[in-house]
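Hi everyone, thanks for coming. I'd like to walk you through one structure today, so please have a look at it before I start talking.

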Amino acid sequence: MDSLIQTINKLQDVFAVIGEHKIDLPQIVVVGSQSSGKSSVLESLVGRSFLPRGTGIVTRAPLILQMIRYSREDRDEMLKITKNDDIKFWASFLHKPGTIYDNFDEIRYEIEDRTDSLAGANKGITHEPIVLKVFTPLYDLTFVDLPGITKVPVGDQPEDIDEQIQELILKYVQQPNSIILAVVTANTDPSTSESLKIARKMDPEGERTIAVVTKLDLIDKGTIQDTTDLLCGHKIPVKLGIIGVVNRSQKDINDNKSMKETLKSEKDFLRSNYPDIYKKHGNKVLAKTLQGILIKHIKKTYPILHKNLQDTKTRLENELKTLQTPDSKVSFILGLLKEICKSYCDTIMGNRRDVSDKIVMGGARIGQIINEEYLEKINNIDPLHDLTDEQIGIILLNTAGITSSSFVNEKALENMICRQLNNLIGPSMSSVDFVRVEMLKIFDCIDENILETLKRFPRINSDVRNVLHKMLDDKLTNIKEFIKSYIETYQTCLNTTNPNFLFQLVKSSTEMQESFITSYMSNPKGDSIKNKEGAEEDEKDEENLKIQQFKQMLSGLNDLDNTIETSKQVKIHRCLTQCYFDFIREIVRDFVPKRIHHKMVKLILDDFEHHLDEFVFTPYVLNRSFDEVLVEEDSVIEDRNRVEKMLDAVNKALKNMVDIQCY
């Protein structure tokens with residue numbers, strides 16, 4: 001069962017080499033304030049004194065301490081290097097492979113030197129871990145020793161040293177697979193313990209927290225009952241247990257008191273002061289308990305850990321595909337251009353499998369611009385925008401010149417309609433611009449792997465984008481000219497006999513219809529138009545009535561001498577202008593979206609691959625510039641090396657994980 005812990009040790013080795021990673025490994029994280037006895041607890045568990053000591057922050061880098069109960073193979077490997085059969089305990093550092101340490105004072109010096117190398121000679125800290133393997137005949141355990149919690153900077157420590165330490169501690173304890181070993185001193189109030197505050201914050205239910213109570217030998221005799229309550233779990237709500245220990249004092253260290261003697265003294269002290277519970281406490285009990293907790297935790301978290309490794313492997317393999325150096329440069333570029341075209345077309349046509357559920361994009365966004373935003377703008381245009389009754393009256397007079405205006409002044413009507421239809425041109429032109437911009441944006445939404453590949457090769461990326469820009473600019477000019485010409489056709493060629501226009505008149509207001517009909521009551525055949533009073537008049541009076549009616553029709557209404565508000569002629573021309581505008585607007589709002597779709601979107605999709613072949617691939621062939629365009633930036637080479645290294649680490653980790661399946 002202990003080999004489970006050794007398997008996790010191997011995983012730690014793998015990921016420590018590559019630096020930052022997102023794999024959450026099961027491990028025991030030691031948290032405590034400065035001078036809480038953190039180092040003494042670890043040394044008691046190891047059975048050797050090897051950690052740096054002193055005032056202030058001594059631990060300034062995460063120390064991954066792997067206790068390994070060595071096998072015959074491990075011992076044989078050690079003997080090959082040292083040729084010393086008397087060694088029973090030894091250690092090695094991951095950053096110094098092949099170097100064996102059997103003098104634990106030298107281990108202390110190496111930790112100090114390595115810390116200065118990583119964090120600097122001042123009192124700053126680093127997130128980069130030091131991995132120390134201690135080979136022992138005792139047991140397998142793995143710890144992460146972190147800097148002691150402090151509140152006030154001392155000496156040349158940074159002003160924000162407390163925040164830096166908190167950030168480093170939280171980085172480890174917030175991982176769900178971490179077991180929190182909170183070191184608490186017996187001679188202080190547990191409610192003020194900084195280690196317990198952090199544990200409660202990251203593990204509020206206490207599911208993965210074990211508390212270690214130190215300095216039991218430093219409390220007053222009168223407070224032993226309070227300490228007993230503490231050790232029995234009445235004051236600290238943690239579910240993995242509370243274990244009291246008695247470690248070496250500074251005098252013991254100065255006197256070189258052995259670990260064996262320390263463990264005997266601890267046992268005697270606990271039996272004497274806590275006779276009812278002493279068997280549940282002490283460093284030996286702590287080691288056995290931690291071993292059981294860690295093994296149980298590893299088995300529990302194995303499925304999730306294995307899945308995370310598999311997911312990471314898949315992600316890295318896909319990432320590496322986009323970073324691989326092509327075997328055949330010609331085939332690579334040709335294939336890349338085809339993939340670009342397909343992904344671009346799929347994005348616009350909605351054929352992508354990885355459909356976004358966050359934002360509207362691709363062809364759907366083009367549809368919004370054409371079918372929603374454009375139509376909304378054009379529907380909101382006032383047919384009589386900036387055309388008042390007074391202006392209509394003046395236009396009627398000016399276009400009539402020295403003659404009186406006829407019933408319907410064709411020149412005035414053409415003038416006003418031409419003027420109002422101008423308001424359709426601007427939104428129609430803008431919609432073409434918006435679609436062009438969106439089609440450029442869509443290129444940045446194609447398959448992410450393709451975009452990553454293009455980032456590797458700036459020349460290809462630039463050439464492909466230039467082709468798309470050129471195609472869109474060409475289409476833009478042509479389509480805008482056509483749409484403008486299309487609207488201008490309706491400005492200069494009025495057709496007031498069009499059935500759709502007449503239908504628009506029928507749908508217009510009742511007021512306009514009454515003004516129109518009562519002002520122009522004539523018979524196409526020239527028949528008499530009689531009112532109730534004229535029905536019984538004699539023939540002469542009837543002739544006079546006809547003369548007056550024809551005179552009115554031929555000479556114009558001439559009612560502009562009335563106020564503009566009551567002028568029938570103004571009302572008629574206003575309504576005719578409005579109805580004709582609505583009539584043409586329906587035509588334009590149907591035509592413009594279809595024209596954009598047909599002459600811009602569809603043609604780009606149909607011709608994109610051909611243009612990439614003609615203006616990108618063919619010039620590469622003619623100029624023999626494949627080597628030139630496939631030159632990578634230094635950052636890309638670094639990324640590829642990083643991904644390869646990470647993938648190798650994950651593969652090694654998965655291989656090591658096979659060992660756990662046996663348990």
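First, a word I'll be using a lot: a residue counts as buried when its relative accessible area is under 20%. By that rule, buried residues make up 46% of the 663 residues in this protein. Please keep in mind that what you see is a predicted model. The protein has 22 helices and eight strands. As for how the chain folds back on itself, take the contacts with a separation of 6 or more: residues 24 or more positions apart account for 79% of them.

Let's begin with helix 5, residues 161-173. Its 13 residues reach 18 Å from the first C-alpha to the last, close to the 18 Å expected at 1.5 Å a residue. Which of its residues are buried? They are I161, I165, L168, I169, L170, Y172 and V173. Here's a general point to hold next to that list: an α-helix has 3.6 residues a turn, so residues three or four places apart point the same way. The buried residues of helix 5 pack against strand 1 (27-31), strand 5 (141-145) and strand 6 (178-185), and also against helix 6 (194-202).

Next, strand 3, residues 90-93. Both of its faces are covered, with W90 and S92 buried on one side and A91 and F93 buried on the other. Its partner is strand 4 (residues 130-136), and the two pair in the antiparallel sense over four bridges. If you want a landmark there, find W90, which stands opposite F135 in strand 4.

What classes of residue line the largest pocket? Six are nonpolar, 15 polar and five charged.

Last stop: R352, in the loop between helix 11 (329-349) and helix 12 (363-379). Is R352 buried or exposed? R352 has a relative accessible area of 16%, so it counts as buried, the cut-off being under 20%. Leaving aside residues up to four places away in sequence, R352 touches S343, D346, T347, C445, I446 and D447. K342 is 10 residues from R352 along the chain, and their C-alpha atoms are separated by 9.9 Å.

That's my tour, and I'm happy to take questions!

Note on methods
Residues are numbered from 1 along each chain as its sequence is written. This is a predicted model: local features need pLDDT of at least 70, side-chain atom pairs count only at pLDDT 80 or more; totals for chains, interfaces and linings use all residues. Side-chain values use heavy atoms; hydrogens and water are left out. The expected span of a helix is 1.5 Å times one less than its number of residues. Buried means under 20% relative accessible area, exposed over 50%, partly exposed in between (1.4 Å probe, protein chains only). Contact means heavy atoms within 4.5 Å. Ala, Val, Leu, Ile, Met, Phe, Trp, Tyr, Cys and Pro count as nonpolar, Asp, Glu, Lys and Arg as charged, and the others, Gly among them, as polar. Two strands pair if DSSP finds at least two bridges between them.
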